[in-house]
Amino acid sequence: MLDNLAVVLFRPKFAENVGATARACANMGVSRLILVAPRDDDPGRAEALATAKGREVLAGAVRCPDLETALAPFSRVYGATARIGGWRKGFVTPRAAAAEIVPALALGEATALVFGPEDAGLANQETRLCGRLVTIPTTDGATSLNLAQAVLILLYECLTTARDHARPGGPPAAVTPPGAANVGREITHSEREALFSVLGKALSAIDFLKDDNPDYFLLPMRRFAERVRPTRAEFNMLMGVCRQILWATGRTSAAPGPACGDRERRSPNRDS
């Protein structure tokens, strides 16, 4: 039911919390756990909190050296954070996030839920990599949740939403729109990052972006892209536009490839 959903723990501080998170994953039917540069990678202490089913999740956990590597294959990325303001805009609640995630999972879109370290949470550098931000409502003055508690709340909403979609008379199951096969799949996280890297350079070349803080001023475009959900064919088109801008402004000596229309006429059904 939640096969394409993964929990990503970025630099978790305590092995016990990793074990408790594995238990929460098992409780909610999620088997994919990714650990990014854990600071306390003690299997014994983690297993003590995981229980039998959680130990199975823990045994299959994937370890990655950095967040970019961990998120590369996912088409949707949700970051959990208690802090708001500044760079952090466009929050959704766990229930609203689940309403987006479950239909995407039904269409085969791999989705990651990212949680930061217990002592600091996700910094701006990490939230920039997340297409959507999720915050769990709490009472004022007591906003801090245990890591496994936060994971459990988000996964609970995903599981109950998935069950609502599966029951008779529930919301209709997600279906592929007519003609979607010709449009192509949604781009992955690594492709999205490649696009924004080139887009940032192109917009700087025409002075649309200033050099003092380009990542901040690209954030609205990142949020826009998350709402639009570009396909691989659209990714190719936008990358071609950016390369054309860089070539026309003299930022690169390499001439751009064939125009998007020419490429599509030669191979209308390919998405790469």
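How much space lies in the second largest pocket? About 270 Å³, and we'll get there at the end of the tour. Before clicking, note that this is a predicted model, where local features need pLDDT of at least 70, side-chain atom pairs count only at pLDDT 80 or more, and totals for chains, interfaces and linings use all residues. Residues are numbered from 1 along each chain as its sequence is written, and side-chain values use heavy atoms, leaving out hydrogens and water.

**Stop 1: the sheet.** Colour the strands and helices (DSSP runs, E of at least two residues for strands, H or I of at least four for helices, numbered from the N terminus). Seven strands make an open, parallel sheet, ordered E3-E2-E1-E6-E4-E7-E5. Strands E3 (62-64) and E5 (91-92) are at the edges with a single partner strand each, so one side of each has no neighbour in the sheet. Pairing here takes at least two DSSP bridges between two strands.

Stop 2: Val8 sits opposite Ile34, while Ala6 has Arg32 as its bridge partner. Four of E2's five residues are buried, so the rest of the structure largely encloses this strand. The chain gets from E2 to E3 through helix H2 (residues 43-59), in a right-handed β-α-β crossover. Right-handed means that, with the strands pointing away from the viewer, the path from the first strand over the helix to the second runs clockwise.

**Stop 3: Arg192.** Jump to helix H8 (residues 189-205), where Arg192 lies. At 8% relative accessibility, Arg192 counts as buried. Not counting residues up to four places away in sequence, Arg192 touches Ser75, Ile187, Glu226 and Arg229, a contact being heavy atoms within 4.5 Å.

Stop 4: Of the 13 residues lining the second largest pocket, show Leu195, Leu199, Phe224, Ala225 and Leu238, the closest to its centre. H8, helix H9 (214-228) and helix H10 (232-248) each supply at least two lining residues.

How values were computed:
Buried means under 20% relative accessible area, exposed over 50%, partly exposed in between (1.4 Å probe, protein chains only). On a 1 Å grid over the protein atoms alone, a cavity is a set of points where a 1.4 Å probe fits but cannot get out, and a pocket is an open set with protein on both sides within 12 Å along at least five of seven lines; lining residues have an atom within 4 Å of a point. Grid points are joined across faces, edges and corners, and a volume is the space filled by probe spheres set on the points.
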